Amino acid sequence: MTNQRKSERVKATTFATAYDIPNRTLLGFLGDLTLRGVMVVGEKAVETGHDTTLEIEFRGAAEVPGGRLTIPAH
């Protein structure tokens, strides 16, 4: 299998939680991210094929103003 990624993945070096905003649920924890996507590691399967909004909370990360990042996701 060839690696067809357009951006290099960067491992998360800080503890960050990811929430599904419309459903108000904790999805899991940030595994890695690229300019085009994010990998969330969690215990439950997530339904695919629909749009949602994620909020990623970076605790103690000075690089993220306000400590939270809200992004659209598919």
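Biologist: What kind of model is it, and how are residues numbered?

Modeller: It is predicted: local features need pLDDT of at least 70, side-chain atom pairs count only at pLDDT 80 or more, and totals for chains, interfaces and linings use all residues. Residues are numbered from 1 along each chain as its sequence is written, and side-chain values use heavy atoms, without hydrogens and water.

Biologist: How many salt bridges does a search of the whole structure find?

Modeller: Two. A salt bridge here is a side-chain nitrogen of Lys or Arg within 4 Å of a carboxyl oxygen of Asp or Glu.

Biologist: Which residues are linked in the network?

Modeller: Glu-55, Glu-57 and Arg-68. Between Glu-55 and Arg-68, the closest N and O atoms are 2.9 Å apart. That pair links strand 5 (residues 52-58) to strand 6 (residues 68-73). Arg-68 also bridges to Glu-57, with closest N and O atoms 3.2 Å apart. Strands are DSSP runs (E, at least two residues), numbered from the N terminus.

Biologist: Is Glu-55 buried or exposed?

Modeller: Buried, at 15% relative accessibility. Buried means under 20% relative accessible area, exposed over 50%, partly exposed in between (1.4 Å probe, protein chains only). Glu-57 is buried too, at 14%. Arg-68 is partly exposed, at 45%.

Biologist: New topic. Which residues line the second largest pocket?

Modeller: Among them are Thr-25, Phe-29, Glu-43 and Lys-44. A pocket is an open set of points on a 1 Å grid where a 1.4 Å probe fits, with protein on both sides within 12 Å along at least five of seven lines; lining residues have an atom within 4 Å of a point.

Definitions and conventions: Helices (H or I, at least four residues) and strands (E, at least two) are DSSP runs, numbered from the N terminus.
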